[in-house]
Amino acid sequence: MRIGELAERAGTTTRTLRYYESRGLLPARRTGNGYRTYDEDDVRLIQQIRTLQDFGFELEETRPFVECLRAGHPAGDSCPASLAVYRRKLAELDGLIDQLQSVRAQVGAELARAEAELPGGPEPRCEMGGTSE
């Protein structure tokens with residue numbers, strides 16, 4: 001298949017496919033007349049890259065998965081290098097979750113402090129654009 005058909009089937013653009021090719025992620029096979037040519041394995045490869053990017057993986061992090069697919073494994077995540085990338089990504093996500101939980105705790109503490117400052121007092125009046133009364 002040609003580049004336009006691959007782009008359509010993989011749900012991306014020809015520009016993106018050329019970029020993947022320039023980064024060495026997509027093989028650059030050419031016909032005798034110079035047209036790029038692709039097969040079903042390339043569709044799977046692009047789908048793998050796009051799925052990983054949807055999960056938050058950087059393009060370069062997809063390389064071990066691409067290489068695993070190219071090595072003939074039916075799933076791009078069944079090679080040691082792919083598993084290592086999964087482990088690193090999980091550690092990164094765990095760190096982000098920890099940071100978010102810390103920020104949440106701080107915001108919760110600030111809310112509790114702010115609410116405690118006016119026990120039984122008047123409701124705070126927030127006025128926007130104009131004078132009171």
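Biologist: In which helix is the place of I3?

Modeller: I3 belongs to helix α1. The model is predicted: local features need pLDDT of at least 70, side-chain atom pairs count only at pLDDT 80 or more, and totals for chains, interfaces and linings use all residues. Residues are numbered from 1 along each chain as its sequence is written, and side-chain values use heavy atoms, with hydrogens and water left out.

Biologist: Why is I3 called buried?

Modeller: Its relative accessible area is 13%. Buried means under 20%, exposed over 50%, and partly exposed in between, with a 1.4 Å probe and protein chains only. The value of 13% falls under the cut-off, so I3 counts as buried.

Biologist: What does I3 touch, not counting residues up to four places away in sequence?

Modeller: I3 touches T14, L17, R18, R36 and Y38. A contact means heavy atoms within 4.5 Å. There is also T37, 34 residues from I3 along the chain. The C-alpha atoms of I3 and T37 are separated by 6.7 Å.

Biologist: What makes E21 buried?

Modeller: E21 has a relative accessible area of 16%. That is under 20%, so E21 is buried. E21 lies in helix α2, residues 14-22. Leaving aside neighbours within four places in sequence, E21 is in contact with L26, A28, R30, R36 and Y38.

Biologist: Why does E40 count as partly exposed?

Modeller: The relative accessibility of E40 is 47%. E40 is found in helix α3. Beyond its neighbours within four places in sequence, E40 is in contact with M1 and R9. L6 is 34 residues from E40 along the chain, yet their C-alpha atoms are separated by 8.8 Å.

Biologist: Why are α1 and α3 called oblique?

Modeller: Their axes cross at roughly 45 degrees and come within 9 Å. Axes are lines fitted to C-alpha atoms, for helices over the stretch in contact, and angles run from 0 to 180 degrees between N-to-C directions. Under 35 degrees is roughly parallel, over 145 roughly antiparallel, 65 to 115 roughly perpendicular, and the rest oblique. Roughly 45 degrees falls in the rest, so α1 and α3 are oblique to each other.

Biologist: Which residues of α1 and α3 meet?

Modeller: L6, R9 and A10 in α1 meet E40, D42, V43, I46, Q47 and R50 in α3. The crossing of α1 and α3 is right-handed. Right-handed means the near helix is turned clockwise from the far one by less than a right angle, left-handed means anticlockwise.

Biologist: What makes α4 roughly antiparallel to α5?

Modeller: α4 and α5 pack at an angle of about 155 degrees, with their axes 8 Å apart. That angle is over 145, so α4 is roughly antiparallel to α5. P64, F65 and C68 of α4 make the contact with A81, S82, V85 and Y86 of α5. The crossing of α4 and α5 is left-handed.

Biologist: How do you know that C68 and C79 form a disulfide?

Modeller: Their sulfur atoms are 2.1 Å apart. The cut-off is a pair of cysteine sulfur atoms within 2.5 Å, so the pair qualifies. The link is right-handed, with 80 degrees about the S-S bond. A search of the whole structure finds one disulfide.

Biologist: Are C68 and C79 buried or exposed?

Modeller: Both C68 and C79 are buried.

Biologist: Why is E67 called partly exposed?

Modeller: E67 has 45% relative accessibility. That value is between 20% and 50%, so E67 counts as partly exposed. E67 lies in helix α4. E67 and C79 are twelve residues apart in sequence and 8.9 Å apart in space, C-alpha to C-alpha.

Biologist: How many helices and strands does the chain have?

Modeller: Five helices and zero strands. A helix is a DSSP run of H or I of at least four residues, a strand a run of E of at least two, numbered from the N terminus. The order is α-α-α-α-α.

Biologist: What percentage of the chain is buried?

Modeller: Buried residues make up 24% of the 133 residues. Among contacts with a separation of 6 or more, 46% join residues 24 or more positions apart.
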